[in-house]
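Hi everyone, and thanks for coming. Today I'd like to walk you through a structure that may be new to you, so please have a look at it first.

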Amino acid sequence: MNYLLGVDLGTSGTKTVLFDEDGNVIASKTIEYPLYQEKNGWAEQRPEDWWDAVVTGVPELLRGFDANDVAGIGSGGQMHGLVVLDENDNVIRPAILWNDSRSSLETEYLNNIIGKKTLQQNTGNIAFPGFTAPKILWLKNNEPENFQKAEKIMLPKDYLAYRLSGVVATDCSDAAGTLYFDTKNRRWSGTMLSVLGVGEKNLPKVYESYQAVGTLKKSAADELGLNENVKIVIGAGDNAASAVGTDTIESGDCNISLGTSGTIFVASDEFNYAPNGAIHTFCSATGEYHYLACILSAASCQKWWIEGITKSSYDGGFTEYIGKSQVMFLPYLMGERSPINDSSIRGAFFGLSLNTTKDEMTLAVLEGVAFAIKQNLDIIRDLGIHIETSKICGGGTRNKEWVKIIASVLNIELLLPEVEHGAVLGAALLGARACLPDDGYERLKSSVKSSYTRILPNEKLVKYYSEKYSKWSELYPKIKE
């Protein structure tokens with residue numbers, strides 16, 4: 001029996017899961033670590049904490065199992081983070097994460113001086129504060145001594161792969177989120193490296209997500225209790241890994257994640273990009289491409305409103321206002337990424353009166369997130385992709401009434417998985433592709449297909465939400481100044 005390890009390096013913790021070759025979960029462990037926010041808009045973590053989570057989690061998973069049966073390790077992880085090492089492989093400074101907004105000036109420089117057209121021609125994307133390139137410029141402008149010491153520049157999951165294998169590597173899906181990767185041709189962009197003042201010698205070698213970059217080096221094998229023959233598969237960025245885990249891989253397949261932030265992932269077998277750069281064009285983990293939109297506040301909006309403001313619990317009271325209320329909410333509690341790319345905008349209620357109730361405002365919060373998802377999905381549809389069905393996952397889906405609202409707002413069928421493993425399953429499947437024979441890998445893929453609950457749009461609400469969305473979409477342009 002072969003075992004496979006999946007690693008999901010998240011923002012709140014790293015999850016490690018041991019799968020057998022039939023796709024069964026044998027054991028899982030999540031180790032949390034702190035997020036450091038020294039200044040407003042900053043978000044940092046210590047890469048050493050990520051490694052400690054793996055070193056702590058993996059041996060616990062293996063208790064009672066023969067570690068010699070582990071064939072490979074695949075990783076998925078938070079994207080865009082800047083990890084810099086010196087010539088002695090010491091971490092120079094804490095990693096600057098995907099949700100860090102300090103590089104707004106550098107983002108403006110890239111979009112307005114270098115120019116969005118140049119950026120899209122060379123990378124397929126425009127600059128967002130969350131991307132890695134603006135972070136490198138921020139480091140160059142604000143910590144020049146650290147920039148000069150930066151011998152190796154990598155992404156979060158690639159730091160783990162380096163600690164495991166000793167190989168400086170990345171994959172196309174994660175690299176595409178840096179803004180210095182030629183997404184169409186799947187290689188580093190010489191033009192963008194010149195803009196940043198970075199050499200290709202400082203960057204990882206690029207692999208496809210399912211490729212093994214090496215095997216476990218001795219020191220790492222000793223720490224983890226594994227043998228040195230374990231293959232290290234480079235894996236993918238979290239959304240691309242989740243797409244593999246949810247089987248969102250055929251062109252036109254869609255997956256919506258309703259987590260702390262919200263993402264809309266649509267697979268494509270062709271390279272293209274939105275003219276205004278409102279959504280991202282990245283490489284997929286399967287050798288093709290995908291569109292990705294990210295709204296910064298999704299399930300965090302309901303958490304803020306229910307736990308932080310009203311200090312109540314869901315009792316379903318908001319449902320009586322569905323199809324009736326005209327109260328609206330802009331879910332920009334942390335600024336917004338897709339499609340407006342505005343880090344300074346903040347959330348707002350609109351249409352309040354003396355008769356407005358708490359439940360009506362609760363409904364507005366849920367609808368506001370649904371409208372933000374629709375705004376991005378419509379842009380992807382404008383690229384010629386027909387979407388009638390989407391999978392939906394994430395902690396926010398525990399509110400089933402919210403999922404029904406989203407189905408009616410988007411006017412599509414939603415498929416809610418009964419068991420959700422997402423990125424960590426995708427990481428393990430990518431590892432399996434490199435470790436198992438073709439027939440074994442295909443058998444594994446077919447055995448892990450999920451069962452889904454179908455959520456259909458309410459035809460009576462589709463017209464109501466179409467009209468309400470038209471009014472909602474006019475709010476941001478009127479208040480953005």
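**A walk through the model**

Let's begin with the largest pocket, which has a volume of about 1500 Å³. A pocket here is an open set of points on a 1 Å grid over the protein atoms alone, where a 1.4 Å probe fits and protein lies on both sides within 12 Å along at least five of seven lines. Grid points are joined across faces, edges and corners, and the volume is the space filled by probe spheres set on the points.

Before going on, a word on the source: this is a predicted model, where local features need pLDDT of at least 70 and side-chain atom pairs count only at pLDDT 80 or more, while totals for chains, interfaces and linings use all residues. Residues are numbered from 1 along each chain as its sequence is written, and side-chain values use heavy atoms, with hydrogens and water left out.

Back to the pocket. Its lining is made of 47 residues, and D8, S12, S257, G259 and T260 lie nearest the centre; a lining residue has an atom within 4 Å of a point. Which helix gives the largest share of the lining? That is α10, residues 299-309, with 6 residues. Helices (H or I, at least four residues) and strands (E, at least two) are DSSP runs, numbered from the N terminus. By class, the lining has 13 nonpolar, 25 polar and 9 charged residues. Ala, Val, Leu, Ile, Met, Phe, Trp, Tyr, Cys and Pro count as nonpolar, Asp, Glu, Lys and Arg as charged, and the others, Gly among them, as polar.

Now to the sheet. It is open, with 6 strands in the order β3-β2-β1-β5-β14-β13 and mixed pairing. At the edges are β3 (25-32) and β13 (212-215), each pairing on one side only. Two strands pair if DSSP finds at least two bridges between them. Strand β1 (residues 3-9) runs parallel to β5 (residues 70-77), and 7 bridges join them. Along this pair, V7 stands opposite S75, and L9 stands opposite G77. On its other pairing, β5 is parallel to β14 over 5 bridges, with I73 opposite I232.

Is β5 buried or exposed? 8 of its 8 residues are buried, so β5 is largely enclosed by the rest of the structure. Buried means under 20% relative accessible area, exposed over 50%, and partly exposed in between, using a 1.4 Å probe and protein chains only.

Among the buried ones are K135 and W138. The buried residues of α3 pack against several elements, including α2 (104-123) and α7 (190-196).

Let's finish with two single residues. S242 lies in helix α9 (residues 238-245) and is buried, at a relative accessible area of 17%. S242 touches G422 and A423, leaving aside residues up to four places away in sequence; contact means heavy atoms within 4.5 Å.

Q326 sits in the loop between α10 and β19 (328-330) and is partly exposed, with a relative accessible area of 37%.
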